[in-house]
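Please look over the sequence and the 3D structure shown here. The report below walks through them part by part.

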Amino acid sequence: MKLKRASQRIAALLCAAALLVNLVSTAWAASAFLRVGSASAAPGETRSVYVSGSNLEALAGVEGIVSYDNTALELTGAAMVGAFSALGTVNTETAGQVSFNGACLDGISGSQSILRLDFRVRPDAAAGEYLLGILIENAYNTGLGTVSLSGAPGVFTVTEPQTTTKTLYFYSGSSVSTLHKGEQVSITARTYGSQGLAAGKLEFRYDAALFTCVAAEPLSALSGAVKSLDTSRAGYVSAAFASKEEIPGGELLRLTLEAVADVDADTSVTFAASELYDTALAAMNGVGFTRALTLRRAEVTPETPALRVTMPAAARTNETITAVAVLDSGSGLAAADFCISYDTALLTCTGVKVSAGMESVDGVCIETNPKIDGGQVKFTFICAKGFADGAELVTMTFQPKKEGAVTLTPAITTSAVGADRRPIALDMCAASCEVKDPFFEVTFRDEDGTVLSRQSVRYRTAATPPDAVKAPDEAHHYELAGWGGDYSSITADAEFTARYTAIPHTEAVDKAVEPTCTKTGLTEGKHCSVCSAVLVEQKVVPAKGHTEVIDKAVEPTCTETGLTEGKHCSVCSAVLVEQKVVSALGFTVSGSVDGVTDNAMVTLLKDGVVAARGDVRADGGFLLSGLRIGAGTYTLRVDGGGCVAWEMPVALSDDSGSANVACLLLRIGDVNGDGTGAEDALQCTLDLQTLYDYLALRQVPGSFCDSADAARNELLVRYFLRLADVNEDGQVDILDYQRLYLLARNG
Ligand SMILES: [Zn+2]
Ligand SMILES: [Zn+2]
């Protein structure tokens, strides 16, 4: 506080000094000097201060510095003005100082302002007087001679703030100031600092007869705020905004306008800010601005009057095209023959008539040529006194033939003349039109209204009907009869609905199928041979299953194989349980051997061929079993070393299956059957006695003839005779006795 008061006191002293200087400079009125102007403003307000020269004489250049109190004043602008502005520069880089440098080749004399300084009083500036000092560094005249130029300071008086309400100033930025129709201008509203601004309403007003609003955009300063924009009213754009935080200084809102009037006019766009509140919800004043704009009429070069053909730029092949021949005003046309050409491949001319307005115009005669179908529409214009108005002369109608770019080209066939019968200049302006086929929406519906197909169809082409079927019912099937209309050449949006013809079913019998043991059958059914609808359904008949029959088992015999029990189906013969073959049992021959059993063998022979062979056990028994041989009578032979082979018939039949035989095996000479023969001389004595008895009495020993079985006895007797035939000559006689005797004696 003390410091501030001190600075105010210094400022007051400086002001006193300034007043003194002013008095002095007044006293030196004859000499040249530069004076800084004085101003008075409240905090927040802006004032411009001019530096002006007095008593100047051909001053060609000056350099100097204006100083100001940077703590109280904010420099918002500085520029050389007047004659020094062209070659003048200012430097405001140093706070509290403005260095200026002005020059003017012709020099200036008398009194003139050379420098403008814009100051804004800082919001917190204390009331008081602040010196605006000036120091002249260099000054020279047109002769480049140094000029004595003194400086006179000014005073900037800061008054007490008028209210406690903060005032926020808004400034404009603008892209251009002079516009022509169709050109755009952007005007930006901005602030320098915001003094805590938090909410408010911003409004632009402009002349809606001259401009349209192209865009209104909130800018960076409002980027953090909630905002709404209203551009719905002509000539007025408003933006409301609100933010919890202080809105930063800078650009707030940009309005872009487009000039729509081709006029010369001076107009302006005004910007106002209202309902401003700071972050403490205290109301603030807003000072807006007015931006002057100048509208200039577009320069137009005068044109030669023309005969113009006009018609729509686009047309459809299904519609006629109306074209008009128009004469510009100011032609002064008195007479001419015109011909308007068209392409007969694309257009047919369907009519030409003099435009209604022209028939009643006095002195004007328009004759049309009835031959209009050859690609040329001709007419003659006559107005003896010259026709100065603009008017429609003739109206033509054309029917397009197909798609294409059509052009109507006017031409003068006999030169156009004015009222003085001298040729006049008349431009010919053709017109073009793009002719396109239209497309129509075609809908195909089923009988019940269901949309089956919706398609876009080119004018005069065919629509493509969809597939349409109606399900058969009990009595009928249905054939598509048509769509209730011609869709081969579409010329408008259209709907078609399917029509069906009911046709009775054609019955066809589905034959019954008998079931088999394993496969199902079917009952008789019926269907329609045309649409295949089932009229009587065929029902499945279950399979019958097999009828089982037992195949009896066959017992095997000795020689024949047997079979196990099986099952088969008597209907289809399928084997259900397979019969298995049981092997043949085979024959068994067993028996016992009396006498010699050591190394004895048994052989079964059939017609001299060995059928089976086996060993004789020590106890004399033997067994030939499982013999896979045929039934019949075999010879059983028992052999042993030094023994007479025993042979006997054995009958094998399927009935018996086996045979059990008693055999005898004795060494040669053992005629008494005691088991020893000539190898034992002592026992052999008994054999000699028995042989002697046989030779003398023909008496067979009892052991060879006592069987009750006659056939057995016969075998035994025959075996005895072979035992007794010791010399093996086929006879039993004394020579056998002699031989046995010698064998026993010699051992
Ligand atoms: Zn059918
Ligand atoms: Zn079967």
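## About the model

This is a predicted model, in which local features need pLDDT of at least 70, side-chain atom pairs count only at pLDDT 80 or more, and totals for chains, interfaces and linings use all residues. Residues are numbered from 1 along each chain as its sequence is written, chains are lettered from A and ligands numbered from 1 in the order in which they are written, and side-chain values use heavy atoms, with hydrogens and water left out.

## The zinc site

Four protein donors hold the zinc ion (ligand 2): Cys517 (SG), His546 (ND1), Cys569 (SG) and Cys572 (SG). They lie 1.9 to 2.5 Å from the ion. Donors are N, O and S atoms within 2.8 Å of the metal (3.2 Å for Na, K and Ca); water is not among the atoms, so sites may look incomplete. Along the chain, the donors follow the spacing C-x28-H-x22-C-x2-C.

His546 sits in the loop between β42 (540-541) and β43 (548-551). Cys572 sits in the loop between β45 (566-569) and β46 (575-577), so this pair ties together parts that are 26 residues apart in sequence. Strands (E, at least two residues) are DSSP runs, numbered from the N terminus. His546 is partly exposed, at 33% relative accessible area. Cys572 is partly exposed too, at 38%. Buried means under 20% relative accessible area, exposed over 50%, and partly exposed in between (1.4 Å probe, protein chains only).

The ideal angle for four tetrahedral donors is 109.5 degrees.

## A hairpin

Strands β49 (residues 601-606) and β50 (residues 609-615) run antiparallel, joined by six bridges. Two strands pair if DSSP finds at least two bridges between them. Leu605 stands opposite Val610 in β50. The two strands form a hairpin with two residues between them. In the turn, Asp607 has a positive phi of about 55 degrees.

## An enclosed strand

Is β24 (residues 321-327) largely enclosed or open? Six of its seven residues are buried, so β24 is largely enclosed by the rest of the structure. β24 pairs with β22 (residues 306-310) in the antiparallel sense, over four bridges. There, Arg308 stands opposite Val326. β24 also pairs with β29 (residues 391-400), again antiparallel, over seven bridges. Ala325 has Val394 as its bridge partner in β29.

## A three-stranded sheet

An open sheet has the order β38-β40-β41, with antiparallel pairing. β38 (507-510) and β41 (534-536) stand at the edges. Each has a single partner strand, so one side of each is left without a neighbour in the sheet. Four bridges join β38 to β40 (residues 525-528). Among the partners, Asp510 bridges to Gly525 in β40.

## The nonpolar cores

The largest nonpolar core has 48 residues. Such a core is a set of buried Ala, Val, Leu, Ile, Met, Phe, Trp, Tyr and Cys residues joined through side-chain atoms within 4.5 Å. Leu604 and Leu636 have the most contacts inside this core. A second, separate core of 39 residues includes Ala315, Ala325, Ile340 and Met358.

## Leu59

Leu59 lies in strand β3 (residues 46-67). Leu59 is buried, at 2% relative accessibility. Leu59 and Pro465 are 406 residues apart in sequence and 97 Å apart in space, C-alpha to C-alpha.
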